[in-house]
Amino acid sequence: ARVKALRERQKSAEPAGTLVQKDRAMAIRTEPNWAKKKEVYAAFRKEFPTSTYLPALTIMVTNDY
């Protein structure tokens, strides 16, 4: 529980930080509905245009199409 609290505090302190990006990237990966996945991916790309997660997410969304 303590680790989770620390993660949440760090995500609050850094809303564009790595932990937030990692959680959002995982949400995209696990979204079963392709239309929804594409929508969430587009929002991620707009919010984090220089994210290190973006290349892999782009390939995944393209392959899922």
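View 1. Gln21 is buried, with a relative accessible area of 12%, where buried means under 20% relative accessible area, exposed over 50% and partly exposed in between (1.4 Å probe, protein chains only). The residue belongs to helix α2; helices (H or I, at least four residues) and strands (E, at least two) are DSSP runs, numbered from the N terminus. Leaving aside residues up to four places away in sequence, Gln21 touches Ala16, Phe44, Phe48, Ser51, Thr52 and Tyr53, contact meaning heavy atoms within 4.5 Å. This is a predicted model, in which local features need pLDDT of at least 70 and side-chain atom pairs count only at pLDDT 80 or more, while totals for chains, interfaces and linings use all residues. Residues are numbered from 1 along each chain as its sequence is written, and side-chain values use heavy atoms, with hydrogens and water left out.

**View 2. Ser51 in the loop between α3 and α4**. With a relative accessibility of 7%, Ser51 counts as buried. Its contacts, not counting residues up to four places away in sequence, are Gln21 and Phe44.

**View 3. The largest nonpolar core.** A nonpolar core is a set of buried Ala, Val, Leu, Ile, Met, Phe, Trp, Tyr and Cys residues joined through side-chain atoms within 4.5 Å. The largest one has 11 residues in all, namely Val20, Ala25, Ile28, Tyr41, Phe44, Phe48, Tyr53, Leu54, Leu57, Met60 and Val61. Two or more residues come from each of α2 (18-30), α3 (34-47) and α4 (54-64), and α4 gives the most, with four residues. Val20, a member of this core, touches Lys11, Glu14, Pro15 and Phe48, not counting residues up to four places away in sequence.

**View 4. Helix α3 against helix α4.** The axes of these helices, α3 and α4, come within 11 Å and cross at roughly 155°, the axes being lines fitted to C-alpha atoms, for helices over the stretch in contact, with angles that run from 0 to 180 degrees between N-to-C directions. That angle makes α3 roughly antiparallel to α4, since angles under 35 degrees count as roughly parallel, over 145 as roughly antiparallel, 65 to 115 as roughly perpendicular and the rest as oblique. The contact is made by Trp34, Lys37, Tyr41, Phe44 and Arg45 of α3 together with Leu54, Leu57, Thr58, Met60, Val61 and Asp64 of α4. By class, the contact of α3 with α4 has seven nonpolar, one polar and three charged residues, where Ala, Val, Leu, Ile, Met, Phe, Trp, Tyr, Cys and Pro count as nonpolar, Asp, Glu, Lys and Arg as charged, and the others, Gly among them, as polar.

**View 5. Helix α2 against helix α4.** The axes of α2 and α4 come within 11 Å and cross at roughly 15°, and α2 and α4 are therefore roughly parallel to each other. Ala25, Ile28 and Arg29 of α2 meet Leu57, Met60 and Val61 of α4 in this contact, which by class has five nonpolar, no polar and one charged residues.

**View 6. Val40 in helix α3**. At 23% relative accessibility, Val40 counts as partly exposed. Val40 and Ile28 are 12 residues apart in sequence and 6.4 Å apart in space, C-alpha to C-alpha.
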